[in-house]
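Here's a quick briefing to read alongside the sequence and the model. Have both open as you go through the points.

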Number of protein chains: 2
Amino acid sequence: MSPARGTRVLGTAEDRREDVLSTAIGAFAARGYFGTTTVEVAKAAGISQAYLYRLFPDKEALFAAVVGRCFDRIRESFAAGAAAATGSSPEAVLWAMGGAYAELIRDEHLLMVQMHAQCAAVSVSEVRRAVQQGYARLVEYARSVSGGTDEQLQEFFARGALCTEVVTMGAHAIDAPWARTLNTGLRH
Amino acid sequence: MSPARGTRVLGTAEDRREDVLSTAIGAFAARGYFGTTTVEVAKAAGISQAYLYRLFPDKEALFAAVVGRCFDRIRESFAAGAAAATGSSPEAVLWAMGGAYAELIRDEHLLMVQMHAQCAAVSVSEVRRAVQQGYARLVEYARSVSGGTDEQLQEFFARGALCTEVVTMGAHAIDAPWARTLNTGLRH
DNA sequence: GACATGTGAGTAGTCAACCACACTATTGCG
DNA sequence: CGCAATAGTGTGGTTGACTACTCACATGTC
């Protein structure tokens with residue numbers, strides 16, 4: 001039965017948590033863990049700050065959960081890329097995963113949260129744990145699905161790291177020799 | 001003539017600014033632009049917060065200056081490495097510069113400010129300008145002194161980016177397959 | 001006397017976290 | 001079925017601590 005007009009409709013807390021995790025990526029993207037207020041996150045999710053604090057114990061846990069969510073998305077994109085790879089050599093699979101990742105980060109918010117997570121990892125223990133665990137899963141997944149060597153995997157993630165740096169500093173939109181050097185062959 | 005005992009000795013404002021730029025690297029390292037207070041920076045430099053604001057117009061200019069200082073140090077380390085290179089091939093020179101850089105970041109503070117600068121670059125215009133300019137100089141310097149190709153230079157900076165990520169998340173101290181994969185051959 | 005170096009004591013505003021309370025759904029029971 | 005008790009969803013308003021930035025004033029230097 002559909003609810004009467006004008007009355008409030010309640011969802012489940014779990015639904016709301018999902019909403020928050022999705023919208024908070026956009027909220028944290030610009031100024032990261034320290035520079036983003038919990039009010040901004042709540043507003044982005046369309047809930048009150050008070051309720052945000054009922055969904056997550058504190059700001060640290062909230063951000064760590066958002067970071068975990070970002071890693072999940074990346075892992076999913078790896079899987080999609082690997083599934084669509086033309087060929088089964090490590091090179092072909094890694095190349096396809098890189099392409100899927102490049103597609104994923106067309107929305108730059110995710111990339112920036114990734115960067116901010118690295119920064120917060122320095123001094124926020126729960127975030128550091130999330131980043132380490134996220135990377136661990138990413139590396140092992142990439143290894144298992146591609147069968148690449150340590151060197152190939154390292155190169156793969158090094159290019160990802162460079163890509164992140166280039167985009168956060170805005171070099172991908174600059175037309176100068178130094179920027180072209182960094183951008184060469186990068187599919188952001 | 002040495003000043004009388006117990007009286008205050010004044011330096012020049014320029015000296016103080018230098019002090020601040022050096023000590024502020026340590027202050028900003030842990031929590032970055034948004035997470036570090038100007039009081040902390042002043043305390044690290046041994047001056048009052050009020051005087052800090054006479055030396056720098058605002059927090060943004062202060063942090064941008066600190067970032068510029070970090071890039072200067074990196075450039076110096078590149079020069080030292082290049083000077084000590086055994087051989088003049090691009091590979092040899094880049095390898096030597098990488099080694100000097102690895103030596104420089106034995107003090108992890110510099111590396112972390114570098115990371116935080118990337119993050120702040122997303123939303124703080126003056127910092128973004130400092131990062132772009134710093135990278136531009138770094139890339140062009142590395143190119144001119146090594147004579148490397150775009151591909152070689154890109155690989156060089158990609159490994160630097162990976163190194164930064166690994167250290168900020170603490171993976172260089174972890175003994176697990178995924179961490180070893182990322183660390184392979186990295187001289188942090 | 002003129003100017004530079006340097007500080008204590010603010011101010012107006014912001015932030016994370018909390019609490020009392022209102023509203024909605026579900027369940028138990030006669 | 002009726003209806004009260006219970007549990008879950010959601011918010012306005014507050015608080016105490018903190019933050020970037022300022023100003024009047026003191027001290028040292030030429």
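B:D175 is exposed, because its relative accessibility of 65% is over the 50% cut-off. Its salt-bridge partner is B:R180, with the closest N and O atoms 2.5 Å apart. B:R180 itself counts as partly exposed, at 43% relative accessibility. Keep in mind that this is a predicted model.

**Salt bridges**

- Counting over all chains, the structure holds 12 salt bridges.
- In chain A, the side chains of A:R16 and A:D19 pair up in a salt bridge, 3.2 Å from N to O.
- How far apart are A:R16 and A:D19 in helix α1 of chain A? They sit three residues apart in that helix (residues 13-35), so about one helical turn separates them.
- A:R16 has a relative accessibility of 32%, so it counts as partly exposed. A:D19 is partly exposed too, with a relative accessible area of 32%.
- Over in chain B, B:D19 makes a salt bridge with B:R16, and the closest N and O atoms are 3.2 Å apart.
- Both B:D19 and B:R16 belong to helix α1 (residues 13-35) of chain B, where they are three residues apart, or about one turn of the helix.
- B:D19 comes out as partly exposed at 33% relative accessible area, and B:R16 is partly exposed at 31%.
- Back in chain A, there's a network of salt bridges that links A:E140, A:R143 and A:D150.

**Chain A as a whole**

- Chain A has nine helices and zero strands, so the run of elements from the N terminus reads α-α-α-α-α-α-α-α-α.
- Taken along the principal axes, the C-alpha atoms of chain A fill a box of roughly 55 × 40 × 35 Å.
- Of the 188 residues in chain A, 51% are buried.
- Take the contacts in chain A between residues at least 6 apart in sequence: 63% of them join residues at least 24 apart.

**Helix α6 against helix α7 in chain A**

- A pair of packed helices is described by the angle between the axes and the distance between them.
- At what angle do the axes of α6 and α7 of chain A cross? The crossing of α6(A) (residues 108-121) and α7(A) (residues 125-146) is at roughly 125 degrees, and the axes come within 8 Å.
- The crossing of α6(A) past α7(A) is left-handed.
- On the α6(A) side, A:A117, A:Q118, A:A120 and A:A121 make the contact, while α7(A) brings in A:V127, A:R128, A:V131 and A:Y135.
- Sorted by class, the residues in this contact of α6(A) with α7(A) are six nonpolar, one polar and one charged.

**Helix α5 against helix α7 in chain A**

- α5(A) (residues 90-104) packs on α7(A) at an angle of about 135 degrees, and their axes are 9 Å apart.
- That makes α5(A) oblique to α7(A).
- Which residues meet here? From α5(A) come A:P90, A:V93, A:L94 and A:M97, and from α7(A) come A:A142, A:V145 and A:S146.
- By class, the contact of α5(A) with α7(A) has six nonpolar residues, one polar and no charged ones.

- A:M112 lies in helix α6 of chain A. Buried or exposed? A:M112 is buried, because its relative accessible area of 12% is under the 20% cut-off.
- Neighbours within four places in sequence aside, A:M112 is in contact with A:A29, A:T168 and, from chain B, B:V122.
- A:M112 and A:G26 are 86 residues apart in sequence, yet their C-alpha atoms are 9.2 Å apart in space.
- B:E14 is in helix α1 of chain B and is partly exposed, with a relative accessible area of 46%.
- From B:E14 to B:V41 it's 27 residues along the chain and 17 Å between C-alpha atoms.

Notes: Residues are numbered from 1 along each chain as its sequence is written. Chains are lettered from A and ligands numbered from 1 in the order in which they are written. This is a predicted model: local features need pLDDT of at least 70, side-chain atom pairs count only at pLDDT 80 or more; totals for chains, interfaces and linings use all residues. Side-chain values use heavy atoms; hydrogens and water are left out. Axes are lines fitted to C-alpha atoms, for helices over the stretch in contact, and angles run from 0 to 180 degrees between N-to-C directions. Helices (H or I, at least four residues) and strands (E, at least two) are DSSP runs, numbered from the N terminus. A crossing is left-handed if the near helix is turned anticlockwise from the far one by less than a right angle, and right-handed if clockwise. Contact means heavy atoms within 4.5 Å. Ala, Val, Leu, Ile, Met, Phe, Trp, Tyr, Cys and Pro count as nonpolar, Asp, Glu, Lys and Arg as charged, and the others, Gly among them, as polar. A salt bridge is a side-chain nitrogen of Lys or Arg within 4 Å of a carboxyl oxygen of Asp or Glu. Buried means under 20% relative accessible area, exposed over 50%, partly exposed in between (1.4 Å probe, protein chains only). Angles under 35 degrees count as roughly parallel, over 145 as roughly antiparallel, 65 to 115 as roughly perpendicular and the rest as oblique.
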